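I opened this notebook page to record what I looked up in the structure. The entries follow the order in which I consulted it.

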Amino acid sequence: MKYQIETNNEKVTLIVSELDRLGRNKELTLKENNKTTTCQGLSKLDKNMVTMMMETINNMLIEMYVSFAHAEMEKRAKRQSEGIEAKKERGNWSDYGRPRTMDFEKSSKEYKRVLKGEIKSTECMKLLGLTKPTYYRYKKEYEEKNM
């Protein structure tokens with residue numbers, strides 16, 4: 001491994017055979033006596049060492065991105081729950097969510113025709129313009145309120 005150290009316009013090249021021979025810790029190695037250290041010649045390193053270094057850097061970046069994403073998810077969940085609480089306190093919680101396709105009275109009127117046998121469920125769905133899940137959700141709501 002090759003390092004270049006500049007001191008008072010003097011250039012000194014230091015060749016280190018192993019990373020642990022460079023110094024005892026980062027502060028002593030990089031900042032002692034106001035010296036700047038730059039790493040050069042990574043291509044001359046052992047291929048296994050380069051591969052290991054790149055894998056380590058990639059893993060660190062992935063960990064960092066995962067941490068950022070997790071923090072953002074926690075912030076979003078907190079803001080969402082605060083918004084829901086505020087909406088409940090204001091008293092307009094019933095407005096929350098997707099608007100209904102149609103009012104309960106209109107769907108009930110047509111569903112009564114199904115119960116009387118005047119029309120079939122599929123005809124009622126087409127007449128009201130509802131999908132199957134929405135139709136059965138309105139049907140369940142009708143049965144809970146009226147039966």
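What pattern does the chain follow when read along the sequence? I read β-β-α-β-α-α-α-α, and I counted five helices and three strands. Helices (H or I, at least four residues) and strands (E, at least two) are DSSP runs, numbered from the N terminus.

I noted the basis of the entries: this is a predicted model, in which local features need pLDDT of at least 70 and side-chain atom pairs count only at pLDDT 80 or more, while totals for chains, interfaces and linings use all residues. Residues are numbered from 1 along each chain as its sequence is written, and side-chain values use heavy atoms, with hydrogens and water left out.

Entry: whole chain. I found that buried residues make up 16% of the 147 residues. Buried means under 20% relative accessible area, exposed over 50%, and partly exposed in between (1.4 Å probe, protein chains only). I also looked up contacts (heavy atoms within 4.5 Å). Of those with a separation of 6 or more, 42% come from residues 24 or more positions apart.

Entry: helix H4. Which residues of H4 (residues 121–128) are buried? I listed Cys 124, Met 125 and Leu 128. They lie on the same side of H4 because they cover an arc of only 100 degrees around the axis, the arc being that of the directions from the helix axis to the C-beta atoms. On the other side of H4, I recorded Lys 126 and Leu 127 as exposed. Just after H4, Gly 129 takes a positive phi of about 70 degrees.

Entry: packing. I saw that the buried residues of H4 pack against helix H3 (104–116) and helix H5 (132–146). Leaving aside neighbours within four places in sequence, Cys 124 is in contact with Glu 110, Tyr 111, Val 114, Ile 119 and Tyr 135.

Entry: In soluble globular proteins, nonpolar side chains tend to be buried together.

Entry: helix H2. I placed Leu 61 in helix H2 (residues 47–90). Leu 61 is partly exposed, with a relative accessible area of 35%.
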